[in-house]
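Please walk me through how the protein surrounds its ligand in this model, with the cut-offs behind each term.

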Amino acid sequence: MTHVLETERLGKKFAGVPALSDVDLVLHAGEIHALVGHNGAGKSTLVKILTGVHPSGSYTGTVRVDGAPVAFASPAAARDQGVAYVPQEIQVVEQLSVAENLFVGQTGLETAPRVSFRELRRRAGELLGRLEIPLDPRAPVAALSATQRQLVMIARALTTDPRVLILDEPTASLAGTETERLFAVLDRLRAAGTTMVFITHRIPEVMRMCDRATVLRDGRKVAEIARADFSERGIVAAMVGREVDHLYPTRSSRHGEQETLRLDHVSVPHPTRPRDVLRDVSFTARRGEIVGIAGVVGAGRTELLSAIYGALPHTGTIAVEGEPQRLKSPADARRAGISMLTEDRKGTGLLFNFALRENITAGNLSGLSRGGWVDRSGEQQAALGFIRSLRIKAPSPSSDVAHLSGGNQQKILLARVLMNAPKIMLLDEPTKGVDVETRQEIYRLILDLADRGVTLLVVSSEIAELVGLCDRCLVLADGAIVDEFRRGEGSEARVIEATTTAVTS
Ligand SMILES: Nc1ncnc2c1ncn2[C@@H]1O[C@H](COP(=O)(O)OP(=O)(O)OP(=O)(O)O)[C@@H](O)[C@H]1O
Ligand SMILES: [Mg+2]
């Protein structure tokens, strides 16, 4: 029986170190095939081979399309044979509009004597409309959020009507409702016969959407599971290599009573429109308290953290330990004992072309220097400590971060913030793209920090995570707080109800 796409004994090494060994992947026509595994398991490497990013000649083994061996020399070659790809890292051209971004780099358009912008916009509008993706073709991409950029990338992959669509963690920056919207698009594509590979760390998404799953561990295929045999426990056990029980650690201690953070009537104006993106937000957080912030993308969650971090101008008052602060820049915030883990690791987070070690210690060097000189061995020690505790998979502390897998890059950003040991920690999607085992580690670290008296504000698109982890949860909708619940009171249904009634009312 021939398959739409299959691989035989696929292998790939980086500088002599195997990232993928002997992988046989089989895609049946019209299925959504989950590809799961821990950070650094080889998922992205595998799909980069299928899509010509790692060209033929740079790997061993065979890729077949409809039973015939193929040798893609580039992503364009793969696309020409009907294999399209949405990479893990967002790649858009900031200076161009949505419409231009959708068709950028497409054969035919570049060699055409003239490109009609009106025609581009019309085609973009038609595609976005058909997929029910709410984006304006004329909007400049520079003004879009991470989620909207993700949608641009997905729409771009669909401009060529591919037979096989490969999505590398498409839902990592999406919240519940956006994920549902994306799933509706994928359902329609499946019904129309498109075959898909879907990479995710969220096992409930595999259960909900996928027809079969291939599990990778340390570059090898360890399981292939049919939908009839799907169970969350089973999939996680295959990924980890053992049974995992309690995802969320139980909190034995209670947070303190002393107020560390207080917001009074904080609003953030929209950069261009008259409407505020954050409206009259007031709340307090206490020493050692973990406060979750729920809401759909666009509800103002990142804006709230950014305002506290001094990265967005705000009105109203923000006080730390009773003292009102002038927070005009992140440097002001850091002086006040506030640090932040950003959601956008590529845009504002990682220093590419720098070593892993330097990425962890960036911004923390004052604690590591003596007489104006950086203590390199101290830097090395600190970096090694985090590599161990967060299970960062990297050859050495001097490896370039650009070569690490997505989840491992996330861990480095987290390590940097953890190293600061601030009074108040703002975490925007701390487990984005992070595998199950490391998630548990991150939850433990968060509880540990709270026990040491750090106040944590955690934004997450996964409501289950907030409910499981936080002492208290604020629900934002349309820039305002619409609901609040304590540990043990919240649920996914309650958050969805609070946000939808707020938006429609
Ligand atoms: N360009 C590269 N140079 C050197 N090593 C690389 C390169 N790309 C990937 N690797 C290594 O190959 C291994 C597999 O990485 P890959 O990106 O495929 O993991 P992944 O399963 O996609 O992980 P994640 O869930 O974190 O995205 C990792 O150890 C990674 O560091
Ligand atoms: Mg990856």
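A polar side-chain atom of Gln 88 lies 3.0 Å from an oxygen atom of ligand 1, a polar contact being a pair of N or O atoms within 3.5 Å. Taken alone, ligand 1 exposes 640 Å², of which the protein buries 85% (areas by the Shrake-Rupley method with a 1.4 Å probe).

This is a predicted model, in which local features need pLDDT of at least 70, side-chain atom pairs count only at pLDDT 80 or more, and totals for chains, interfaces and linings use all residues. Residues are numbered from 1 along each chain as written, chains are lettered from A and ligands numbered from 1 in written order, and side-chain values use heavy atoms, without hydrogens and water.

Around ligand 1 stand 20 residues (a heavy atom within 4 Å), and Gly 40, Lys 43, Thr 45, Ser 405 and Gly 407 come nearest.

Definitions and conventions: A polar contact is a pair of N or O atoms within 3.5 Å; within protein, one must be able to donate a hydrogen and the other to accept it, and residues adjacent in sequence count only if both atoms are side-chain atoms.
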